[in-house]
Amino acid sequence: MSTVSADRLRDRVTAVQGVMVLTFLLLAGAFFRAQVVGYEDYRLQSQKNRLRQVPLLAPRGAILDRNNLVIAENVPGYTVKLFAPSLDTLRAVLGRLRALTPIDSAEVEMIVRRFREARYQPALVFSGADFAMVSKLEEHRFLLPGLVVQTEPRRLYSTHTAVAHLVGYVGEVSEDELTRGRFPGSRLGSIVGRDGLEQQYDSILRGVDGVQYTEVDARGRMVREQVSTPSLAPIAGMQIRTTIDLPLQEYIDSLWRAALPDTRGALMAMTPDGKILALYSAPAFDPNDFIGGIAAPTWLSLNTDPAKPLINRAIRGTYPPASPFKLATAVIALRRGVVDFTTHMPQPCRGGFQFGNRFFKCWRREGHGSLDLTGAIAASCDAYFYQLGLRIGLPSLLEEGNLLGFSERSGIDVGSESKPLLPASVKYYNDRYGPRGWSNAAVLNLAIGQGENNQSLVGMMRFYAALAGNGTSAAPYLVRQHDSTTRSLGLTPVQLAGLKAALCRVVQSGTAAGSGGRDLNVCGKTGTAQNSGKDHGWFIGYAPADNPKIVVGSIMESKEHGSSVAPYVVRVIRRFLTASDSSLAKARVRVPIQEDSITGALAKPDTAGR
Amino acid sequence: MRRDGLDRPLILVALALTVFGVMMVYSAGQTDVPSVAARGAWIRQLIWLAVGIVGASIVFRVNFRILEWAAPGLYILGVVLLLVTLFVGTGAGTAAGSKSWLSIGGYRLGQPVELAKLATIFLLARYLSSLREPPRTLKGLLTPVVIAGVPLILVMGQPDLGSAIVFIGILFAMLFWAGVSPRLLLLLASPAVSLLLAADTRWWGAWMLLLFLLLVLWRAYVSEGVLIYLVNSAMGVLAIILWNQLKPYQQNRLITFLNPESDPVHAGYQAIQSMVAIGSGGLLGTGFLNGPQKRLAYLPEQYTDFIFAVLGEELGFVGVFAALGLFLMFFWILLRIARRATDPFSSLVVFGILGLLFTHLFENVGMTINVMPITGIPLPFFSYGGSFLLSCALAVGLVLRVAWDSRLSGYADV
């Protein structure tokens with residue numbers, strides 16, 4: 001026995017035992033620190049590791065017409081999303097996905113951007129996938145780690161272009177909008193209204209999106225829905241009922257597209273008390289194109305089209321109001337007591353009116369001769385109204401015009417309505433042209449609806465609703481009145497009746513005699529708005545004369561004269577007044593689908609042997 | 001043979017560890033992410049265990065004198081196999097990046113390093129037991145350093161840093177057991193300390209000052225003292241060169257050991273995920289088979305190198321404490337057997353095995369909890385792997401033989 005004899009080992013054994021105990025304590029201490037002291041932190045980290053939030057879209061509320069016909073509804077659709085642990089993985093998976101379904105490079109960049117915005121959420125690849133596509137993807141799921149296929153409610157506008165400007169469209173909320181808090185309650189991935197009713201009533205329609213917690217593995221593949229962390233179920237949005245008459249709206253769309261395919265313009269129908277029955281702007285777009293993210297080429301063409309199909313011309317377009325404004329001049333003159341219905345002007349119409357050293361032309365070169373107010377309205381005589389304007393005087397015309405609401409928005413409850421132009425006072429002219437830079441000729445132009453006078457269709461509609469009704473008008477609305485103040489024409493019943501009679505003469509024997517509206521007792525006013533190119537045509541009318549049920553107005557760009565617009569307005573009125581209940585019965589009455597949001601078709605890994 | 005010659009506590013503890021280990025290998029294969037290799041691992045582990053038990057009972061019948069006689073031959077065989085591996089080795093499994101497997105015709109025979117470890121223990125034991133007095137000078141340590149150093153350098157070449165550390169563990173454990181003074185061991189280890197501290201000039205300077213004081217205080221031979229001091233100084237210079245010699249992944253492992261968050265996606269990933277798995281296990285764990293980190297494959301190498309993290313996640317601190325307790329008992333028994341061995345060779349072999357397995361345990365468990373840098377070495381009795389399980393079983397067989405001999409000779413009662 002030499003180095004390792006028992007007696008010499010005693011100290012070494014003690015030392016080794018000490019080392020072993022110390023090592024044991026060191027390791028146990030390290031585990032204690034991690035597992036007992038640091039437990040909460042690590043537990044959270046573990047959850048962050050594997051739990052991903054998948055937003056569950058709330059079904060948007062349906063939009064119904066006044067008879068509960070469906071304008072916008074939800075149908076079940078498939079949304080394809082991708083979880084990815086890193087950008088490289090995402091690109092790799094997208095590369096494989098592109099072999100299965102065409103995705104252009106712009107879309108890839110879009111998906112990558114969505115991924116960057118929220119790495120711990122699945123990036124939307126496309127929504128609105130059909131069943132064939134989804135089953136193809138499911139077949140190749142092993143190639144596509146992180147694939148999430150959700151059934152999500154999908155917006156459907158079954159009448160397509162007919163309701164485009166009415167409902168607007170929907171789209172994913174942008175990061176910028178989120179940071180600015182433009183859509184309260186929305187979160188990344190939420191679908192929000194972009195225009196029209198969808199935007200205006202977004203807070204009602206949208207509902208509250210839910211959240212589903214899902215577990216993903218180390219490669220970002222979705223493994224199962226997490227049961228221990230409760231998911232937040234989405235709360236469906238509420239449906240809204242509008243004043244729209246959907247068959248009428250559809251009729252206008254089909255009429256316009258068949259008879260006026262290249263004409264830009266707008267057409268509105270409403271009741272005299274402000275319920276909008278139809279709101280149409282041409283050219284229109286298909287709001288369904290926006291579902292699930294609009295394709296880049298479509299978006300580009302919508303934005304670069306010189307016809308500006310995204311502009312709602314009924315409320316965003318302002319035009320010289322032209323002859324329909326002559327009724328406003330007449331109302332002002334009657335209110336001021338300047339004229340009555342039998343008043344003739346000093347200068348009869350000889351194809352125009354000599355004012356100082358300038359000759360102001362009437363639209364009718366042969367002239368109208370000497371007319372009274374009723375005759376002048378029926379014939380739309382410019383010479384008469386030049387003189388009427390002079391009689392009222394510019395300050396009074398502006399003052400009264402402002403009182404009648406021609407410098408204010410109509411107060412319609414949708415869209416970003418354009419503010420019409422009518423100067424508040426002569427100060428406008430002084431500021432703009434200098435005190436000596438303008439003449440009284442301004443009032444001549446204003447009186448016939450030209451000059452510093454731009455009105456929107458919806459604004460003119462409100463004025464004519466007052467003429468058609470009892471002399472007061474309420475803000476036009478689609479769902480509910482935002483502005484409850486009424487505007488009054490301030491006329492005596494006799495004066496109002498006189499104007500109505502004049503308007504009826506326009507259709508019976510005046511400028512709209514060829515509109516075909518005599519049998520319906522249509523009353524209205526044509527107009528021709530001077531334009532640098534071809535003139536724009538106006539017609540605003542109502543029917544029946546004794547008890548108006550509908551006011552319809554239209555502006556058609558480059559249509560030369562109101563008399564060519566009137567026939568279409570009359571057809572719309574005819575359609576409304578003669579539509580039997582059978583058309584309602586034929587219409588598709590459907591109960592809106594209030595589909596619960598489902599997260600389905602998740603990856604179910606092979607769990608054999610469990 | 002009389003039955004009471006068997007060391008039953010050792011058999012019980014070793015079996016308990018093995019059963020525990022197979023259970024964890026089974027659990028590690030139960031994931032939500034299909035992995036054929038991991039799923040069937042526990043069955044293959046059981047087959048290897050059976051082979052190991054057969055092997056252990058054969059080894060148990062081998063006289064230690066034969067082993068002592070065969071030590072140089074085994075050692076040369078081990079070294080030659082390591083050399084061969086260096087040239088024709090293949091990477092596989094958890095060591096895919098290094099050439100540590102020996103295969104013929106595509107069939108992997110095993111990792112020769114496991115044989116080399118045992119053979120090195122035998123040869124060191126043979127040499128150290130032949131000495132009348134423990135070496136008192138560095139010169140006297142030359143032979144054992146060469147014996148351990150040759151396979152060490154060969155495995156470094158694979159490269160297999162973990163096994164290299166194990167050879168160092170074996171060397172120091174056996175020198176200590178042979179009676180080499182701790183002072184001398186410290187001086188022997190000093191170049192390594194210098195190497196590690198070279199990263200920071202202030203620390204390194206302090207170390208050199210301390211070393212100088214120690215050399216004076218311990219009255220080392222002047223020539224050796226100067227040599228040690230020179231070697232230490234050289235190491236400080238060499239450190240930078242050696243650092244550049246390391247493979248990038250080895251550098252990353254060392255960097256991320258010091259700060260795992262420095263590279264959470266790549267090099268630090270394993271360290272972080274292991275800590276998260278263990279930490280989220282809490283006191284009682286998430287339940288056997290139910291560790292979310294494991295199930296979802298966040299844990300790296302979960303059925304081999306990081307199996308202890310699975311244990312930590314699923315069985316919690318209680319499970320960790322039990323496993324570490326079993327290991328402590330195991331080493332306690334080994335220490336007792338080494339102490340009561342009938343002859344120095346047997347004693348040194350047992351203590352060498354203790355050093356071998358202890359290094360494995362500390363390094364492997366330490367890396368899961370970020371106490372040690374990550375090196376790919378398996379945990380005895382737990383990690384899936386044929387060669388190592390067989391090697392552990394043979395080691396237990398050897399130790400049982402030593403215990404048997406000492407009991408029969410009545411030595412056990414001392």
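# A guided look at chains A and B

Guide: Let's start inside chain B: of its 414 residues, 53% are buried. A residue is called buried if 20 or more other C-beta atoms, placed from the backbone, lie within 10 Å of its own, exposed if 12 or fewer, and partly exposed in between. For chain A, with 610 residues, the buried share is 49%.

Visitor: Before we go on, what kind of model is this?

Guide: It's a predicted model, where local features need pLDDT of at least 70, side-chain atom pairs count only at pLDDT 80 or more, and totals for chains, interfaces and linings use all residues. Residues are numbered from 1 along each chain as its sequence is written, while chains are lettered from A and ligands numbered from 1 in the order in which they are written.

Visitor: What is the mean pLDDT of chain A?

Guide: First the idea: pLDDT is the predictor's confidence in each residue, from 0 to 100. Chain A has a mean of 84, with 92% of its residues at 70 or more. Chain B averages 85, and 89% of its residues score at least 70.

Visitor: How do I read the angle between α4 and α6 of chain B?

Guide: Axes are lines fitted to C-alpha atoms, for helices over the stretch in contact, and angles run from 0 to 180 degrees between N-to-C directions. Here α4(B), residues 64-88, and α6(B), residues 142-156, pack at about 15 degrees with axes 10 Å apart. That makes the pair roughly parallel, because angles under 35 degrees count that way, over 145 as roughly antiparallel, 65 to 115 as roughly perpendicular and the rest as oblique. Among the residues making the contact are B:Leu82 and B:Leu86 of α4(B) and B:Leu154 of α6(B). By class, this contact has eight nonpolar, one polar and no charged residues. Ala, Val, Leu, Ile, Met, Phe, Trp, Tyr, Cys and Pro count as nonpolar, Asp, Glu, Lys and Arg as charged, and the others, Gly among them, as polar.

Visitor: What about α12 and α14 of chain B?

Guide: The axes of α12(B), residues 269-281, and α14(B), residues 307-339, come within 6 Å and cross at roughly 20 degrees. So α12(B) is roughly parallel to α14(B). B:Ser274 and B:Ala277 are among the α12(B) residues that meet α14(B), whose own side includes B:Ala309 and B:Gly312.

Visitor: How many residues of chain B are in contact with chain A?

Guide: 47 residues of chain B touch 39 of chain A. On the chain B side, the largest share, ten residues, comes from α14(B). That side divides into 30 nonpolar, twelve polar and five charged residues.

Definitions and conventions. Helices (H or I, at least four residues) and strands (E, at least two) are DSSP runs, numbered from the N terminus. Two residues are in contact if their C-beta atoms, placed from the backbone, lie within 7 Å.
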